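Take a look at the structure shown here. What stands out first?

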Amino acid sequence: MNWKLICKLDDIPQLGSRVVQRATGGDIAVFRTADDEVFAMHDKCPHKGGPLSQGIVHGRRVTCPLHGWNIGLDDGHAVAPDIGRCDTFKVKVEHGDVYLAV
Amino acid sequence: MSKPRLVLIGNGMAGVRTVEELLKIKPDHYDITIFGAEPHPNYNRILLSPVLAGEMQIKDIILNELDWYAANNITLHTGKEVVRIDRVKRKVIAADGLEVPYDRLLIATGSTPFMLPIPGNDLPGVIGYRDIKDTDEMIATAARHKHAVVIGGGLLGLEAANGLKLRGMDVTVVHLGPWLLERQLDEVAGQMLQKSLEDKGLKFLLSTQTEALIQGESGRVAAVRFKGGMQIPADLVVMAAGIRPNYALAEAAGIYCNRGVVVNDTMQTYDPKIYAVGECVSHRGIAYGLVAPLFEQAKVAANHLAGYGIGRYTGSVTSTKLKVTGIDLFSAGNFMGGEGTEEIVLNDPYGGVYKKLVLKENKLVGGVMYGDTADGPWYFQLLKDQRDIHDIRDSLIFGQSLVGDVGHAGNSKAADMPDSAEVCGCNGVTKGCIVKAIKEKGLFTLDEVKKHTKAASSCGSCAGLVEQILASTIGGAYTPAALDSKPVCGCTDHSHKVVREAIFKEHLTRKEAVFEILNWKTPNGCDKCRPAINYYLISSWPHEAKDDAQSRFINERAHANIQKDGTYSVVPRMWGGLTTPAELRAIADAAEKYNVPTVKVTGGQRIDLLGVKKEDLPAMWADLNAAGMVSGHAYGKSIRTVKTCVGAEHCRFGTQLAMDMGVKLEKMLFDMYAPHKVKLAVSGCPRNCAEAGIKDVGVIGVDSGYELYIGGNGGIKTEVAQFLCKVKSDEEVMEYAGAFLQLYREEGWYLERTCHYLDRVGLDYVKGRILEDEEGRKAYYFRLLDSLKDARDPWQTSREAEPIKQFIPIKLEA
């Protein structure tokens, strides 16, 4: 597994996110919950491709800014009754540094 | 530690709904045991009539399959009647001797049909109409026998009679009252109903008292004899002369009963460990027999069983719908009228349509509809909301479509719509999808339909239509929630009203405090409640409550509008729609420098730069700021624009300096956040070129001053602004307009436009606060100016804020 240091935990606001740009494969959204859990997934809503990083984070979910789909941060699944899935990425926090597996 | 034990006596709709509500808000809190006297899992008793009529099967009306009980670890005893409650040892004892201890007991024993105390009422072939067993017996009898007599011309009796007729029997309905459904209909509607049922082949004997049931040679009932001696043949007699609450079990246990198990507003009996809901209950002296009130009771009982202690049941206004295919009738509230009431009546006997609305002091208090009931739920909502209807009184009787629901004119007869008809234009949802979801998923509320089908979840203009479909699909089970008690979202049972008041009264300044004090069900809310709470906090406690960026929708966080491809649009403010060559040059330069693909003139008299990358926003703002321009707030629930005409500055018809007035208003309101977006317009004369009639605040110059209009809206549903007052000077325009906007900012619910706010509180109320109370008006105006005293351009603020991380992507090297 290729762990890449991306930022400090404090560089991501609580209940917020940051966008990680890759040369190929599309952007990744990295989220931080109120309990300082960090999750990462494709920055692309399974509905119409909205940038999930721009959504409101609540609990372990993010609401897409375009049409209000709720996506589970831990598994990338759309919350019922919507159906769809977003690819997730492994992410870890060590000594206040956030690492992303790409 | 073992969990507390909850025992439910009665496996019916009210009891099981309570358990469902409980599991929703506090799963795993109790060990739950349910006793049901019938051998079936919980089913929808209301739909027995369609089963009898052959339109549905028993399997279609099961609400909770056995799997559901297992999945929720509920111990279910079907076909087992509880015969005793031992309150001292806190246990219930079933007929077969089984004993189950409880910590909390919920009694939902329902009711039984009232069997007339006449000779022969226990003969074979004489039944009530209550459960699957009765229904099966009626279906079996209809296959072998000819003559049926239904005693009682109420809802249940007529549904039974209709079903038996459809099954081929010769049916006579005997009714003691002077007309059918005398508790739901007035005489005219009752007679129209009788006529259409007679056309279907039913026979009626009204004002007729039954004296005895006569036994035939076979041992079963053979005839019915009436007072006066008349006798008619009967192989089946269905007693539908009312229901009696089943409270004998509770009463035998020493719980106070009075024609029902007496409960308080928290659904608690006189024994605090014992709750009761449903038809067996007597609440404030009333025993309800319709499902909607029972569901409201279930919600309250569940909340108290969960230990949250929020919510009271204070009684229900009920509405009625008869589930006989092809017959449409609806009634609600006080439909007979009486002292101090007025009536609006529409009567078309030939067309088979009759509507009567009963009004009191410009509010709807009741109504009856026959033949065309599509607007029933709308009227019922008006009634529950206590909406002042004086402004729509002229066309009220013709229904919602004539009151200006432009999106769906001529399309509101929900029952007549074909399944393929599109209901929700935003999400492309057809009537068929909605009906299917309601039936398959067992949906009962508008919110549930929104969640499952997405209908009415975007612009919301079809919500009324969806409610009508809901009502016509599930009939009496439909419960429209009163406006001011609708929960903010799924995270809470509290309404906007309660949340606003709590924030103000308890002096709450942080969202965490709101979540804690109001027992939020989620740790940090959701995308619906967080923006609302954030607005309530900053508008109630300006300069004190801290704005929480993460609770704002992205547009308000990025000070730009997100577009479908994830880019943003930038709209610099042009005060009163005025600009200069220098500003236009700066805009043109910025458009070229940042490769803006689309430049568009907006409806609010300014220029929109579309397709900007988020990371370019801060630099672009810096360029625009340098040219003296600031954010146009085109993205916010905030002041948007003040549109002006050229006014007396140039126009040969102008009477007032419209541009100057507009600029002053826009500068006063700069950076003002509100429950929803706010748009103003100033026209220099009554020709009204600035379209002030469809703005939240419209100002129209006349020779002697200005006319002020409020609550206009040019959106989904065009609303013409209402005249507030006439004032003389520019200063007065600012004071009156400012005071009204502050009133709205303090009392409006999040996402409620001024027109909806006005709808809710009434123009007279606003006049009372703004026109008749000078001190109050000045106080509102002062509070507005005070809360805006530190207003600063958000572009400048956010690009200067260190660090501006949200705009900068993290680059990942390959």
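## Two helices in chain B

This is a predicted model. In chain B, α22(B) and α25(B) are roughly perpendicular to each other, because angles of 65 to 115 degrees count as such. Their packing angle is about 75°. Their axes lie 8 Å apart. Helix α22 of chain B covers residues 730-747, and helix α25 of chain B covers residues 774-787.

Which residues make the contact? From α22(B) come ten names: B:Met734, B:Glu735, B:Tyr736, B:Gly738, B:Ala739, B:Gln742, B:Leu743, B:Arg745, B:Glu746 and B:Glu747. From α25(B) come B:Arg777, B:Lys778, B:Tyr780, B:Tyr781, B:Arg783, B:Leu784 and B:Ser787. Sorted by class, this contact has seven nonpolar, three polar and seven charged residues.

## Chain A

Chain A has ten strands and zero helices. Its pattern along the sequence is β-β-β-β-β-β-β-β-β-β. The radius of gyration of chain A is 13 Å, close to the 13 Å from the globule rule for 102 residues, so chain A is as compact as a globular protein of that length.

Along the principal axes, the C-alpha atoms of chain A fill a box of roughly 40 × 30 × 20 Å. Of the 102 residues in chain A, 51% are buried. Among contacts in chain A between residues at least 6 apart in sequence, 38% link residues at least 24 apart.

Key: Residues are numbered from 1 along each chain as its sequence is written. Chains are lettered from A and ligands numbered from 1 in the order in which they are written. This is a predicted model: local features need pLDDT of at least 70, side-chain atom pairs count only at pLDDT 80 or more; totals for chains, interfaces and linings use all residues. Side-chain values use heavy atoms; hydrogens and water are left out. Axes are lines fitted to C-alpha atoms, for helices over the stretch in contact, and angles run from 0 to 180 degrees between N-to-C directions. Helices (H or I, at least four residues) and strands (E, at least two) are DSSP runs, numbered from the N terminus. Angles under 35 degrees count as roughly parallel, over 145 as roughly antiparallel, 65 to 115 as roughly perpendicular and the rest as oblique. Contact means heavy atoms within 4.5 Å. Ala, Val, Leu, Ile, Met, Phe, Trp, Tyr, Cys and Pro count as nonpolar, Asp, Glu, Lys and Arg as charged, and the others, Gly among them, as polar. The radius of gyration is taken over C-alpha atoms; the globule rule is 2.2 Å times the number of residues to the power 0.38. Buried means under 20% relative accessible area, exposed over 50%, partly exposed in between (1.4 Å probe, protein chains only).
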